[in-house]
Amino acid sequence: WEDAAPSDEIDDLLLPFLILAGGLDHDPSLRDSLELSAQDEAAFIASCQEELSESIQDVYDFWAEVRRPKTVRREEAKVGRNDPCPCGSGRKYKLCHGADA
């Protein structure tokens, strides 16, 4: 997770799951950082429950974007079969280094 995005973006994605897993009871620093009153805390937990499907979709969208393959761009032009071999032999590529392919 940490290599995929900045920590604040990850924290926002995972907060609903952490809250629903009982994170407020297990991590006093989380409770302090949210600065929620008892009434606000109950409302916040309820909103996390209501928005669970949206949170799951957000995490899916995040990973779909991260895992999308990057476009490969060639540094040099592609050598054609009938072009001279780049090794400098003077032979056509298809008869030199392209013969193995």
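Tutor: Happy to. One term to start with: contact means that heavy atoms lie within 4.5 Å. Also keep in mind that this is a predicted model.

Student: How do I check the length of helix 1 against what it should span?

Tutor: Count 1.5 Å a residue. Helix 1 covers residues 7-20, which is 14 residues, so it should span 20 Å. Its end C-alpha atoms are 20 Å apart, and that agrees.

Student: Where does helix 1 bend?

Tutor: Look at L14: the bend there is about 45 degrees. A proline, P16, follows within four residues. Then, just after helix 1, you come to G22, with a positive phi of about 90 degrees.

Student: What should I expect of phi in general?

Tutor: Most residues other than glycine have a negative phi. Here, have a look at E35, which is not a glycine and still has a positive phi, near 50 degrees. You'll find E35 in the loop between helix 3 and helix 4.

Student: Is E35 buried or exposed?

Tutor: Exposed counts as over 50% relative accessible area. E35 has 69%, so it is exposed.

Student: Now for pairs of helices. What describes two packed helices?

Tutor: Two things: the angle between their axes and the distance between the axes. Take helix 1 and helix 4: they pack at about 115 degrees, with axes 9 Å apart.

Student: Why are helix 1 and helix 4 called roughly perpendicular?

Tutor: Angles of 65 to 115 degrees count as roughly perpendicular, and therefore helix 1 and helix 4 get that description. As for handedness, helix 1 passes helix 4 in a left-handed crossing.

Student: At what angle do helix 1 and helix 5 pack?

Tutor: At about 145 degrees, with their axes 10 Å apart. The residues in contact are E9, I10, L13, P16, F17 and L20 of helix 1 with L52, S55, I56, D58, V59 and F62 of helix 5. This crossing is left-handed.

Student: Let me zoom in on S55. What does it touch?

Tutor: Leaving out residues up to four places away in sequence, S55 touches P16 and F17. S55 sits in helix 5 and has 9% relative accessibility, so it counts as buried.

Student: And E41, which residues is it in contact with?

Tutor: Setting aside neighbours within four places in sequence, E41 contacts L24, R31 and L36. E41 belongs to helix 4. Its relative accessible area is 15%, so E41 is buried.

Student: Last one: where is R74?

Tutor: R74 is in the segment after helix 5. At 61% relative accessibility, R74 counts as exposed.

Terms used: Residues are numbered from 1 along each chain as its sequence is written. This is a predicted model: local features need pLDDT of at least 70, side-chain atom pairs count only at pLDDT 80 or more; totals for chains, interfaces and linings use all residues. Side-chain values use heavy atoms; hydrogens and water are left out. Helices (H or I, at least four residues) and strands (E, at least two) are DSSP runs, numbered from the N terminus. The expected span of a helix is 1.5 Å times one less than its number of residues. The bend at a residue is the angle between axes fitted to the seven residues ending there and the seven starting there. Buried means under 20% relative accessible area, exposed over 50%, partly exposed in between (1.4 Å probe, protein chains only). Axes are lines fitted to C-alpha atoms, for helices over the stretch in contact, and angles run from 0 to 180 degrees between N-to-C directions. Angles under 35 degrees count as roughly parallel, over 145 as roughly antiparallel, 65 to 115 as roughly perpendicular and the rest as oblique. A crossing is left-handed if the near helix is turned anticlockwise from the far one by less than a right angle, and right-handed if clockwise.
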